[in-house]
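Hi,

Here is the model I promised to pass on.

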Number of protein chains: 2
Amino acid sequence: MVYQLYYWPTIQGRGEFVRLALEEAQADYVDVARRKNGTGELLKMLAQGATPSFAPPFLVAGEQTIGQVANILLFLGGAHGLAPRAQARRLWIHQLQLTMADLVAEVHETHHPISVSLYYEDQKKEAKRRSAGFLAERVPKYFGYFETALAAAPRGGYFLGARVSYADLSMFQLIEGLHYAFPASMARLMPAYPRLAALRGQVAQRPHIAAYLASKRRIAFNREGIFRHYPELDKQADK
Amino acid sequence: MVYQLYYWPTIQGRGEFVRLALEEAQADYVDVARRKNGTGELLKMLAQGATPSFAPPFLVAGEQTIGQVANILLFLGGAHGLAPRAQARRLWIHQLQLTMADLVAEVHETHHPISVSLYYEDQKKEAKRRSAGFLAERVPKYFGYFETALAAAPRGGYFLGARVSYADLSMFQLIEGLHYAFPASMARLMPAYPRLAALRGQVAQRPHIAAYLASKRRIAFNREGIFRHYPELDKQADK
């Protein structure tokens, strides 16, 4: 089966969590919108069919069209061995993914706290306040949580121990993205999360992921995606 | 099996999506934190065990502890006939639920656009701007999407047609909550979404749901939950 991934062609964004799983699984896929006239195809498909999507990404898998990142990963995880078969552990990995989705939404709010329809410049003051609290309170709360989850796992460095799952790939992406967006703050924060730092390195060195990251398929971080680097938002939020 | 639901005892909040599914299924459950000293039990359990939760609600089901609303509903849906068995439709219902979760997060942002750690009064100005855009653009976008999904469904009024799923219960709760928080705006908006209005009525009349809504188990909406009524946020956002 050749999957069709539909996502914006110029950003990592939410689509990247799906791309990483497809790459790790060595699945055959077409990143549809990156082809000629691909964005038009994406927009045409978005609200179509029996299972329309509210927003990209969505994945066409034969007869099925699946939307929502965590839902796509639930599907791909089952189909490609990136999630446990046993229900309890499958739900645990999904729970971690959904918590990451909450964090991703909060990352987006750091640069768009008032409206997605307004430019960043029109909500910059609010973005500064939001980002200061995000870095001082929310990142430590989330990262502390994920660090605890890793500490409770069997040996091996991943959330399931020695076996990689889609949640590990997403965690890697979250750490990468936050380092791009908030380099100074993350350099200051990360020493408190050695297990997360180790997971990041371990995922980056997986052969299929390393090959992907070095390829042209990996779009560079930029100021259109979820993770954006605005130096004025990357301030030390002293208490 | 008797489930233990852990959620804040004085609000509907995110826990209500789980309560509605438990009630519709007539599942045996204890709403732990509503018992004497229950909040202490909740806080003690929150970060415990092999599958800790980032935040309530979480559900203990025998040996399993499951967090994240959509994940709990995925589990309960399968166990109690509130989700399809076939994978494609099961993922579709989950996709709808995850899109509702995104909307719920945006509802929370209407009164806390800057920080969850600040009082509403300290971000009221920003909350007004956020709410205006939310009501003018986001609610119509989400409701238009869900209305389209109902229009594409088989006859019967629910997302699967004649058969109710947890996504229908959650949609009901979302519509209820938005009417509580933004009564004037919702009165103005709802005529454009007749299928959603019909679903709301249909869910409310289901015998187990009607009994629950009339019982003391249903906590009233209030200003501590996700859906909060601040009249100053319920303004017509004319263009």
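B:Glu126 counts as buried, at 8% relative accessibility (buried means under 20% relative accessible area, exposed over 50% and partly exposed in between, with a 1.4 Å probe and protein chains only). Its partner is A:Arg129: the two form a salt bridge, with the closest N and O atoms 2.9 Å apart. By salt bridge I mean a side-chain nitrogen of Lys or Arg within 4 Å of a carboxyl oxygen of Asp or Glu. This pair crosses between chains, running from helix H5 of chain A to helix H5 (residues 124-151) of chain B. A:Arg129 itself counts as partly exposed, at 34% relative accessibility. Helices (H or I, at least four residues) and strands (E, at least two) are DSSP runs, numbered from the N terminus.

Before going on, some housekeeping. This is a predicted model, where local features need pLDDT of at least 70, side-chain atom pairs count only at pLDDT 80 or more, and totals for chains, interfaces and linings use all residues. Residues are numbered from 1 along each chain as its sequence is written, chains are lettered from A and ligands numbered from 1 in the order in which they are written, and side-chain values use heavy atoms, with hydrogens and water left out.

Back to the interface. A:Arg130 forms a salt bridge with B:Glu109, with 2.5 Å between the closest N and O atoms. A:Arg130 lies in helix H5 of chain A and B:Glu109 in helix H4 (residues 87-111) of chain B, so this pair also joins two chains. Both A:Arg130 and B:Glu109 are buried.

How many residues does each chain bring to the contact? Chain A gives 43 residues and chain B gives 43 residues, with contact meaning heavy atoms within 4.5 Å. The area buried between the chains is about 3900 Å², and carbon and sulfur atoms give 56% of that (buried area being the accessible area, 1.4 Å probe, that two parts lose on being put together, summed over both). A:Phe54, A:Ile114 and A:Arg129 supply 19% of the area that chain A buries against chain B, more than any other three residues.

Across the interface the rule finds 25 residue pairs in polar contact, both residues at pLDDT 80 or more. A polar contact here is a pair of N or O atoms within 3.5 Å; within protein, one must be able to donate a hydrogen and the other to accept it, and residues adjacent in sequence count only if both atoms are side-chain atoms. On the side of chain A that touches chain B, the elements giving two or more residues are strand S4 (64-67), helix H3 (69-80), helix H4 (87-111) and helix H5 (124-151). H4(A) provides the largest share of that side, 10 residues.

Now the symmetry. Chain A can be laid on chain B with an RMSD of 0.0 Å by a turn of 180 degrees and a shift of 0.0 Å along the axis, with the copies superposed by least squares on the C-alpha atoms of residues with pLDDT of at least 70 in both. The two copies are thus related as by a two-fold rotation axis. Which residue of chain A comes closest to the rotation axis? That is A:Pro113, at 2.9 Å (C-alpha). Also, 100% of the interface residues of chain A are interface residues in chain B too, so the copies meet through the same surface.

Within chain A, A:Arg195 and A:Glu147 meet in a salt bridge (3.7 Å, N to O). A:Arg195 is in helix H8 (residues 194-204) and A:Glu147 in helix H5, so the pair ties together parts that are 48 residues apart in sequence. A:Arg195 is partly exposed, with a relative accessible area of 42%, whereas A:Glu147 is buried at 8%. There is also a network of salt bridges linking A:Glu16, A:Arg19, A:Asp31, A:Arg34 and A:Arg218.

Finally, some backbone details. A cis peptide bond joins A:Pro56 and A:Pro57, with omega about 0 degrees, and A:Pro57 is found in the loop between helix H2 (38-46) and strand S3 (58-61) of chain A. In chain B, a cis peptide bond joins B:Pro56 and B:Pro57. A:Asn37 has a positive phi, near 60 degrees, and is exposed, with a relative accessible area of 62%.

Cheers
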